[in-house]
Amino acid sequence: MNRIIKVEPFTKEAFAPYGHLLMREPGIPPIKTTPPIFADRIPFEVDDGSAEFVYALLKRKEFKFSALERHLKVTQGFFPLYGGPAIISVAPATDPNDLEALPSPDSVRCFLLESYTAFVIHRGVWHGTILPLEESFGYILATRKETTADSIEPLYDGDCQIRDLGVTFEIQL
């Protein structure tokens with residue numbers, strides 16, 4: 001079964017159920033007004049391990065997916081470096097104690113990530129791989145060192161839980 005998802009604007013309000021946006025112009029007064037100006041901030045949390053930053057690289061591919069992943073021991077931060085806009089897909093968190101609890105295909109949403117906006121995903125929120133609009137895309141991933149190791153060879157019950165939702169999502173810009 002295929003399902004078309006329309007890409008939505010990436011706003012703090014629309015993304016609030018899934019995480020936080022870090023924006024150069026968040027629509028609020030700066031936190032610090034002397035140089036360097038602190039325009040915005042977001043939380044980042046790690047359980048049972050140590051935080052690390054990973055330089056991640058992606059190539060453009062077809063705007064289709066069927067699997068999402070979640071992490072229960074870390075909020076993950078994504079900080080674009082180059083490669084222009086990209087698409088992110090998310091779905092609400094499900095019961096962290098139930099390995100079979102998957103999000104409804106109707107709950108999956110896609111957002112347009114601009115290269116000057118960063119974001120952090122709440123623990124347990126389902127998300128897909130970033131899909132670049134340009135040929136290549138680079139970003140810094142703030143994560144948990146043990147989650148990185150787990151993502152190399154995901155375990156069914158590890159911190160990097162990848163599941164196929166049984167639906168092919170086709171993204172429409």
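Biologist: What makes strand S5 and S11 paired strands?

Modeller: Two strands pair if DSSP finds at least two bridges between them, and 5 bridges join S5 (residues 76-82) to S11; therefore they count as paired. The two run antiparallel, and Phe78 has Leu141 as its bridge partner in S11. Strands (E, at least two residues) and helices (H or I, at least four) are DSSP runs numbered from the N terminus. The model is predicted: local features need pLDDT of at least 70, side-chain atom pairs count only at pLDDT 80 or more, and totals for chains, interfaces and linings use all residues. Residues are numbered from 1 along each chain as its sequence is written, and side-chain values use heavy atoms, without hydrogens and water.

Biologist: Why are S2 and S3 called edge strands?

Modeller: The open sheet has 5 strands in the order S2-S8-S5-S11-S3, with antiparallel pairing. Strand S2 (19-22) and S3 each pair on one side only.

Biologist: How do you know that helix H2 packs on the sheet, and which strands are involved?

Modeller: Contact means heavy atoms within 4.5 Å, and H2 (residues 145-152) touches S3, S5 and S11.

Biologist: What makes a set of residues a nonpolar core?

Modeller: The members are buried Ala, Val, Leu, Ile, Met, Phe, Trp, Tyr and Cys residues joined through side-chain atoms within 4.5 Å, where buried means under 20% relative accessible area (1.4 Å probe, protein chains only). The largest such core has 20 residues, and Phe10, Phe15, Ile88, Phe111, Phe119, Ile130 and Tyr139 touch the most other members. Apart from it lies another core, of 16 residues, including Leu68 and Ile171.

How values were computed
Buried means under 20% relative accessible area, exposed over 50%, partly exposed in between (1.4 Å probe, protein chains only). Axes are lines fitted to C-alpha atoms, for helices over the stretch in contact, and angles run from 0 to 180 degrees between N-to-C directions.
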